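Please open the model in your viewer and keep the sequence panel beside it, so that each selection can be followed in both.

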Amino acid sequence: EVSENGIFLGEMDAKLLQKIEELTLYTIQQEKKINSLEKQNSKIDKLQNEIDELKALVQKLLKDKN
């Protein structure tokens, strides 16, 4: 069949390149999302640390008051 009909290598290469481009763009998009989520997570961690410090201060103040 290959010798009779030939192989459409150019067409196959074009499709493969298109898929590679799509996957590359998707990967870039996912990396941007990951970076954004990492920044957001870092902010949340900092806020949680501040909350923990404030809780400790409030407990100390209540303890000293009694």
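The tour below goes from the whole chain to individual side-chain pairs.

Begin with the whole protein chain in a cartoon view, bearing in mind that this is a predicted model; the chain contains two helices and zero strands. If you colour by accessibility, 0% of the 66 residues count as buried.

Now select helix α2, which covers residues 9–65, and show its side chains. A search of the whole structure finds two salt bridges, and the next selections visit them in turn.

Select E11 and K15, whose side chains meet in a salt bridge at 3.6 Å, N to O. Both residues lie in helix α2, four residues apart, which is about one turn of the helix. E11 counts as partly exposed, its relative accessibility being 45%.

Move on to K19 and E22, where the side chains form a salt bridge at 3.5 Å, N to O. These two residues also belong to helix α2 and stand three residues apart, again about one turn of the helix. With a relative accessible area of 39%, E22 is partly exposed.

As a general point to keep in mind while viewing, side chains of opposite charge can pair when their charged atoms come close.

Conventions
Residues numbered from 1 in each chain as written. Predicted model: local features only at pLDDT ≥ 70, side-chain atom pairs only at ≥ 80, totals over all residues. Heavy atoms only, no water. Buried < 20%, exposed > 50% of the residue type's maximum accessible area, 1.4 Å probe, protein only. Salt bridge = Lys/Arg side-chain N within 4 Å of Asp/Glu carboxyl O.
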